[in-house]
Amino acid sequence: MNDIVKARTERTKWFLDARFGMFIHWGLYAIPARGEWVRSIERISNEDYEPYFEEFNPTRYNPREWARLAKEAGMQYAVLTAKHHDGFCLFDSALTDYKATNTPAGRDLVREFLDAFRAEGLKVGLYYSLLDWHHPDYPHYGDQNHPMRDNPACGNEHRDFNRYLEYMHGQVRELLTGYGHLDIMWFDFSYGEMAGEKWRATKLIQMVRELQPWIIVDNRLEAGGESYGSIVTDSPTFYSGDFASPEQMIPPKGMTDVHGDPIPWESCMTLNDHWGYCAADRHYKTARMVIRNLVECVSKNGNLLLNVGPDAKGEIPEESAAILREVGRWMRKNGESVYGCGASDLPKPDWGRFTRKGNKLYAHVMEENVCAYLLDLKPGEVEKVRLLANGAEMALTQPWNTVSIKDKSFFTFWGQSFPLPDENDTVVELTLK
């Protein structure tokens with residue numbers, strides 16, 4: 001194990017215990033309410049985007065309510081977009097006027113977020129976009145994503161990318177020196193030639209490690225949501241990150257390096273189909289789907305970072321809040337099968353998933369079964385069986401129709417296979433000998 005991997009392993013211990021976090025995408029794009037990429041998709045110029053800056057005034061922003069909701073949902077950490085691709089800063093940066101303190105909001109919204117979530121005992125992280133569609137020195141014409149990429153009048157002849165890098169590094173320094181202890185720095189994202197040392201990544205991470213050596217960083221200084229970079233190789237770069245960040249998907253077998261050893265990873269996923277608030281998007285995931293996605297991540301040694309997009313007034317949509325509260329009700333009864341857990345060495349059963357922590361094996365029963373539930377364990381390997389939600393005793397059994405499978409163990413729900421006690425995910429705790 002090289003020094004980079006050793007340091008990564010030590011820094012991510014809390015992260016691998018936490019397993020469940022809240023992502024928050026919020027900014028000026030909440031006003032047009034068509035998602036966080038609205039500037040790029042609709043080719044909106046700085047001038048036409050300016051009215052949103054002039055009217056930004058989230059009068060119902062109360063981060064204590066956000067924090068209480070995250071805690072109620074069973075989340076252990078949260079990450080807020082301090083600056084997204086449009087360049088607008090929710091924090092009081094000394095390097096730009098394009099910030100919340102210069103809008104009618106007139107407040108440092110990042111500081112309020114951090115104070116509120118810390119008060120609830122949650123770990124805190126900040127998202128910072130490497131892209132900046134507002135900064136004059138960021139490439140415009142011909143860039144893959146810039147709103148003015150097709151406008152030849154926005155050529156790059158007089159743009160100084162080095163000047164932009166000084167600005168970007170300077171803002172990261174501000175976040176790391178002006179806002180106390182941070183647990184996560186979530187950079188987004190690399191694409192094409194805009195990756196790695198194009199961002200002066202080594203210098204950037206040297207600064208991060210000098211200022212807050214304990215902080216964990218994602219892998220997107222050299223990767224996007226669809227790729228992973230050198231973190232999966234046997235020669236990770238200095239800026240390869242502490243965890244991989246697959247987006248809107250769960251890797252079929254989790255994430256390992258080229259030697260098959262697990263690496264820290266976190267699936268970032270939206271509650272509906274957008275990251276930023278989109279008024280027309282009513283395609284919400286159910287609490288059942290969220291619970292099962294979370295369990296699937298943990299069963300593959302991964303985390304779930306679940307996103308909410310607050311509206312222009314600063315409120316998390318009630319549809320999102322209701323889903324998170326339902327997830328929280330399940331987590332209060334079954335969180336032991338998530339926190340600090342990871343993959344078991346048993347194959348995935350037809351009826352659900354397994355997670356494991358020490359000598360506790362958690363069978364997540366998601367599908368009804370016509371017979372007793374098969375465990376790929378020999379009789380005698382299990383000491384006791386309980387329903388995790390309420391501690392009710394369950395029994396191992398050898399059904400009459402399984403006499404030819406005497407080398408396997410089975411359990412039932414009080415002699416019945418259905419209905420399941422919890423349609424979202426019924427968790428059976430097995431204490432192994």
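Modeller: What follows goes through the sheet, then the core, the cavity and a few backbone details.

The model is a predicted one, and its local features are given only where pLDDT is at least 70. The sheet is open and has 7 strands, in the order E5-E4-E3-E2-E1-E7-E6, with parallel pairing. E5 and E6 are the edge strands, each pairing on one side only. Strands of a sheet pair through backbone hydrogen bonds, and the pairing can be parallel or antiparallel.

With strand E7 (residues 303-308), E1 pairs in the parallel sense over 5 bridges. With strand E2 (residues 77-83), E1 also pairs in the parallel sense, over 4 bridges. Gly21 shows both pairings: its bridge partner in E7 is Leu305, and its bridge partner in E2 is Tyr77.

Is E1 mostly covered or mostly open? E1 is mostly covered, with 5 of its 5 residues buried. In a regular strand, side chains alternate between the two faces of the sheet. Phe20, Met22 and Ile24 point one way from E1, while Gly21 and Phe23 point the other way. Each of these residues counts as buried because its relative accessible area is under 20%.

Met185 has Val217 of E5 as its bridge partner. Val217 is also in contact with Phe187.

Phe187 leads on to the core. The largest nonpolar core has 102 residues, and Phe117 and Phe187 have the most contacts inside it. Helix H7 (residues 161-178) gives the most to this core, with 8 residues. Another core lies apart from it and has 19 residues, among them Leu346, Leu361, Ala363 and Phe413. In soluble globular proteins, nonpolar side chains tend to be buried together.

The structure holds 1 cavity of 30 Å³ or more. The volume of the largest cavity is about 80 Å³. Its lining has 13 residues, and Asn272, Tyr284, Val308, Gly309 and Ser320 lie nearest the centre. By type, the lining divides into 7 nonpolar residues, 6 polar and no charged.

Some backbone details in the loops remain. A cis peptide bond, with omega about -15 degrees, joins Asp188 and Phe189. Phe189 is placed in the loop between strand E4 (184-188) and helix H8 (201-211).

Ala33 is in the loop between strand E1 (20-24) and helix H3 (38-41). The phi of Ala33 is positive, near 60 degrees, although the residue is not glycine. Ala33 counts as buried because its relative accessibility is 13%. Gln248, in the loop between strand E5 (216-217) and strand E6 (266-270), has a positive phi of about 60 degrees and is not a glycine either. Gln248 counts as partly exposed because its relative accessibility is 37%.

Definitions and conventions: Residues are numbered from 1 along each chain as its sequence is written. Side-chain values use heavy atoms; hydrogens and water are left out. A nonpolar core is a set of buried Ala, Val, Leu, Ile, Met, Phe, Trp, Tyr and Cys residues joined through side-chain atoms within 4.5 Å. Buried means under 20% relative accessible area, exposed over 50%, partly exposed in between (1.4 Å probe, protein chains only). Helices (H or I, at least four residues) and strands (E, at least two) are DSSP runs, numbered from the N terminus. Contact means heavy atoms within 4.5 Å. On a 1 Å grid over the protein atoms alone, a cavity is a set of points where a 1.4 Å probe fits but cannot get out, and a pocket is an open set with protein on both sides within 12 Å along at least five of seven lines; lining residues have an atom within 4 Å of a point. Grid points are joined across faces, edges and corners, and a volume is the space filled by probe spheres set on the points. Ala, Val, Leu, Ile, Met, Phe, Trp, Tyr, Cys and Pro count as nonpolar, Asp, Glu, Lys and Arg as charged, and the others, Gly among them, as polar. Two strands pair if DSSP finds at least two bridges between them. Lists of a residue's contacts leave out its neighbours within four places in sequence.
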